[in-house]
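User: I want to learn how to read packing and chain contacts from a model. Please take me through one.

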Amino acid sequence: MASTFDTVVNIITETCDIPRDTIKPESHAINDLGIDSLDFLDIAFAIDKTFGIKMPLEQWTQEVNEGKATTEQYFVLQNLCTRIDELVAAKRA
Amino acid sequence: MRLEYFRLIDRILEFDPVGRTIQAEAIVPTQSTVFEGHFPGYPLMPGVLLLEVMAQASGWMIIGLNGFTRMPFLAAFKEAKLRSFVTPGQSLTAKAELLHEGSGYAMTKAEIQVDGKRVCNTEITFRVVDFPNPAFRASMEEVAAAIAFPMETLNHG
């Protein structure tokens, strides 16, 4: 079974045409991979569908805008994958 | 259809908040300055306006599903296909279904039929945000009433 990271990498490569070998766990989706907000909606759609979750993008954005969180907490891929795993676990609970 | 006001949907035929679908009627006007340029002597409904019909039908569905609390703004079309010419006076049936309601965005699948035949289809992405101001929301509710949006179906699902 593919790891969350592998699945997210597959989604990013298919959605944004970004070479697989440039995507690392420590990559920042926006700052390093250059994914813009519109492309990120396609990624969010695929992640929501694949994992059966609803990523709280609006809440994350609000937290960043209010200085309560950094973009790294949500958009560095290893952190994003942790958030996804948490959402999946919460749904199963 | 009032092209000059970009109000393309004439009437909501059916809104199903459980099945998350909508059907709307849009009648292409017989005369419009649009047809003087598109094209002289060969009037055709512009493809971008057909896309807008599908977007507006989808938009009414999204507004209905969120109980007129949030406004969808067009963000992207995917795999748009314009399959047949549409001409002045034709009655269009726009159909849309919700593919996904995410956090701050929504995806729909839409098509237009003329006499039961599909003439175009696409998938659409919307950003969905709170109404920027109460007047905006009120104006949307006014338009909803004018196009017979079935307000009684809200808060159903």
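User: Which residues does Ala57(B) touch, not counting residues up to four places away in sequence?

Analyst: Some ground rules first. This is a predicted model: local features need pLDDT of at least 70, side-chain atom pairs count only at pLDDT 80 or more, and totals for chains, interfaces and linings use all residues. Residues are numbered from 1 along each chain as its sequence is written, with chains lettered from A and ligands numbered from 1 in the order in which they are written. Two residues are in contact if their C-beta atoms, placed from the backbone, lie within 7 Å. By that test, Ala57(B) touches Ile9(B), Ile22(B), Ala24(B), Ala94(B), Ala96(B) and Ala110(B).

User: How many residues are in the largest nonpolar core?

Analyst: In soluble globular proteins, nonpolar side chains tend to be buried together. A nonpolar core is a set of buried Ala, Val, Leu, Ile, Met, Phe, Trp, Tyr and Cys residues joined through C-beta atoms within 7 Å. Buried means 20 or more other C-beta atoms within 10 Å of a residue's own; 12 or fewer is exposed, and in between is partly exposed. Here the largest core has 51 residues. Val53(B), Met54(B), Ala57(B), Trp60(B) and Ala94(B) touch the most other members. Helix H2 of chain B (residues 47-65) supplies the largest share, 10 residues.

User: Why is H2(B) described as largely enclosed?

Analyst: Helices are DSSP runs (H or I, at least four residues), numbered from the N terminus. Of the 19 residues of H2(B), 14 are buried, so the rest of the structure largely encloses this helix. Just after H2(B), Gly67(B) has a positive phi of about 65°.

User: How many residues of chain A are in contact with chain B?

Analyst: 11 residues of chain A contact 9 residues of chain B. H2(A) gives the most to chain A's side, with 6 residues.

Technical notes
Helix = DSSP H or I, 4+ residues; strand = E, 2+ residues; numbered from the N terminus.
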